[in-house]
Amino acid sequence: MAVFDRLSRYVEPPVTPYEAFDTRGRLVRALPVPEAPVETSAGVHVRREGQTLDHLANGYLSDPHAYWRIAELNDAIVPDALEERETIEIP
């Protein structure tokens with residue numbers, strides 16, 4: 001199964017996989033999506049050219065792998081959705 005970062009919301013409390021059929025009719029195991037953690041904005045960052053979410057996560061959160069926290073706070077399903085944004089809320 002998948003391996004998650006120790007700070008991922010999928011780690012605590014442990015989520016129980018379930019079986020479902022994918023679009024091709026195959027039986028697969030899936031994880032339910034846990035509730036998003038309550039995250040408050042510490043401010044807004046105006047991006048400079050070349051800055052990526054891992055740069056921001058490292059600078060503000062001291063963890064380059066925590067870019068997903070910035071994406072969640074900004075209601076982005078995938079981090080790439082923030083690529084074109086000029087300003088980004090920071091947790």
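Trainee: Where does Pro-91 sit?

Mentor: Pro-91 lies in the segment after β4. Strands here are DSSP runs of E with at least two residues, helices are runs of H or I with at least four, and both are numbered from the N terminus. Bear in mind that this is a predicted model, where local features need pLDDT of at least 70, side-chain atom pairs count only at pLDDT 80 or more, and totals for chains, interfaces and linings use all residues. Residues are numbered from 1 along each chain as its sequence is written, and side-chain values use heavy atoms, with hydrogens and water left out.

Trainee: Thanks! Is Pro-91 buried or exposed?

Mentor: Pro-91 counts as buried, because its relative accessible area is 14%. The cut-offs are under 20% for buried and over 50% for exposed, with partly exposed in between, using a 1.4 Å probe and protein chains only.

Trainee: And which residues does Pro-91 touch?

Mentor: Not counting residues up to four places away in sequence, Pro-91 touches Glu-39, Thr-40, Ala-42, Leu-61, Arg-69, Ile-70 and Leu-73. Contact means heavy atoms within 4.5 Å.

Trainee: How far apart are Pro-91 and Gly-43 in space?

Mentor: Their C-alpha atoms are 7.3 Å apart, while in sequence Pro-91 and Gly-43 are 48 residues apart.

Trainee: Switching to charges, how many salt bridges are there in the whole structure?

Mentor: The search finds two. A salt bridge here is a side-chain nitrogen of Lys or Arg within 4 Å of a carboxyl oxygen of Asp or Glu.

Trainee: You listed Glu-39 and Arg-69 as contacts of Pro-91. What do their side chains form together?

Mentor: Arg-69 and Glu-39 make a salt bridge, at 3.0 Å from N to O. The pair links distant parts of the chain, with Arg-69 in helix α2 and Glu-39 in the loop between β2 (27-30) and β3 (43-46), 30 residues apart. Arg-69 is partly exposed at 24% relative accessibility, and Glu-39 is partly exposed at 26%.

Trainee: Which side chains meet in a salt bridge at 2.7 Å?

Mentor: Those of Arg-26 and Asp-22, N to O. Arg-26 is partly exposed, with a relative accessible area of 44%, and Asp-22 is also partly exposed, at 22%.

Trainee: New topic: which non-glycine residues have positive phi?

Mentor: Ser-62 is one of them, with phi near 60 degrees. Asp-75 is another, at about 55 degrees.

Trainee: Where are Ser-62 and Asp-75 placed?

Mentor: Ser-62 is in the loop between α1 (53-61) and α2 (67-73). Asp-75 is in the loop between α2 and β4 (87-90). Ser-62 counts as exposed because its relative accessibility is 65%, and Asp-75 counts as exposed because its value is 71%.

Trainee: What about Asp-63, buried or exposed?

Mentor: Asp-63 is in the loop between α1 and α2, and it counts as buried because its relative accessibility is 17%. A polar atom of the Asp-63 side chain lies 3.0 Å from the backbone nitrogen of His-65.

Trainee: Which residues is Asp-63 in contact with, leaving aside neighbours within four places in sequence?

Mentor: Leu-7, Ala-57 and Asn-58.

Trainee: How does the lining divide into nonpolar, polar and charged?

Mentor: Eight are nonpolar, two polar and four charged. Ala, Val, Leu, Ile, Met, Phe, Trp, Tyr, Cys and Pro count as nonpolar, Asp, Glu, Lys and Arg as charged, and the others, Gly among them, as polar.

Trainee: Last one: where is Val-15, and what is it in contact with?

Mentor: Val-15 is in the segment before β1 (18-21). Leaving aside neighbours within four places in sequence, Val-15 is in contact with Tyr-10, Leu-31, Pro-32 and Pro-34.

Technical notes: Polar contact = N/O pair within 3.5 Å; in protein donor to acceptor, adjacent residues only side chain to side chain.
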